[in-house]
Amino acid sequence: MIVSARGDTGAAVTVAVNAVNAAVTARTGIVLGAGRQADLTASLGKVMAAAGATDPQHWPVLLKTKPALFDQVVAGITIGETYFFRDPEHFAYIREVVLPEVHRRRPGQDVKVWSAGCSTGEEPYSLGIMFDEARIGARVLATDISRPSLAKAKQGIYGRWALRGEGARLIGSYLRPVAKARGEKFELIERVRSAVHFAYLNLPHLWEGYRELKAGRTYRLCAHPQGGCDPVSKFNQGLL
Ligand SMILES: C[S@@+](CC[C@H](N)C(=O)[O-])C[C@H]1O[C@@H](n2cnc3c(N)ncnc32)[C@H](O)[C@@H]1O
């Protein structure tokens, strides 16, 4: 149970949620509409209860000083909607327009790809499959702010729901049924898994991330701007 020092639990929670909401937008670029305040309240309440923090007045400061708790609250409000080959027109554009251009400029070289906001991994693995099918060497960097999503992505195991898109109909040769899962779970083959590297990255912190990217000699192809931040232009500036 949550009890504020003033005994005015509801009002104290509202004040805390409003402060945390502002911090979330400032630090991650995520803007929650009025309809999603309840999600933040639920995520915050759950994380604070698990941390033993009973007084809502302390929550904003606690989250400021403990980034891991802040990350957990954010992970509870992100929307991870994704599936294999979601937004087929984007994949078609990369296949038909971007890749020929990359080949023209840098013939014979591997393609380096960034899936920013990769959620549970379906997008970067789709890219890995697409390049493999095209017999193009590729290294895919996949980043997200949600650590639970990244943990699932690294497993490379998916159920039928992740394969619901049209584009997933033809990727059977890249999947192996998971033993004992009665045909309901599928594991990506090692060749595609090893082409994708997952890492935590909060997009507005791209400048720090860029150093990591540069060290890994990985460059952008795709990005998913959130809220008010503009990671692509920042990143492009950083490439020069
Ligand atoms: C709707 S999913 C899209 C997944 C995938 N790109 C796709 O299109 O299928 C959006 C993802 O962006 C991530 N995200 C939101 N804000 C972020 C931020 N500030 N930094 C990094 N990732 C963020 C969320 O955690 C979520 O996994």
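These notebook entries record what I looked up in a predicted model of a protein with a ligand.

**Entry 1. Conventions.** I number residues from 1 along each chain as its sequence is written.

**Entry 2. Overall make-up.** I find 10 helices and six strands in the protein; these are DSSP runs numbered from the N terminus, with helices (H or I) of at least four residues and strands (E) of at least two. Of the 240 residues, 31% are buried. A residue is buried if 20 or more other C-beta atoms lie within 10 Å of its own, exposed if 12 or fewer, and partly exposed in between, with C-beta atoms placed from the backbone.

**Entry 3. The ligand.** Which residues come nearest to the ligand? Of the 23 residues around the ligand, I note Thr-78, Thr-82, Gly-117, Ser-119 and Ile-145 as the nearest; a residue belongs here if its C-beta atom, placed from the backbone, lies within 6 Å of the molecule. The shell holds six nonpolar, 12 polar and five charged residues. Here Ala, Val, Leu, Ile, Met, Phe, Trp, Tyr, Cys and Pro count as nonpolar, Asp, Glu, Lys and Arg as charged, and the others, Gly among them, as polar. Domain 1 (9–75) and domain 2 (88–239) each supply at least three residues of the shell, the bounds coming from an automatic or database domain assignment.

**Entry 4. Two positive phi values.** Most residues other than glycine have a negative phi. Ser-119, not a glycine, has a positive phi of about 55°. I place Ser-119 in the loop between β1 (111–116) and α6 (122–133). Is Ser-119 buried or exposed? Ser-119 counts as buried because 23 C-beta neighbours lie inside 10 Å. Lys-180 also has a positive phi, near 70°, and is found in the loop between β4 (175–177) and β5 (185–188). Lys-180 has 6 C-beta neighbours inside 10 Å and therefore counts as exposed.

**Entry 5. Phe-91.** I locate Phe-91 in helix α5 (residues 88–105). Phe-91 is partly exposed, because 19 other C-beta atoms lie within 10 Å. Leaving aside residues up to four places away in sequence, Phe-91 touches Phe-85, Ser-126, Met-130 and Gly-167; contact requires C-beta atoms, placed from the backbone, within 7 Å. Ser-126 is 35 residues from Phe-91 along the chain, and their C-alpha atoms are separated by 8.7 Å.

Technical notes:
This is a predicted model: local features need pLDDT of at least 70, side-chain atom pairs count only at pLDDT 80 or more; totals for chains, interfaces and linings use all residues. Two residues are in contact if their C-beta atoms, placed from the backbone, lie within 7 Å.
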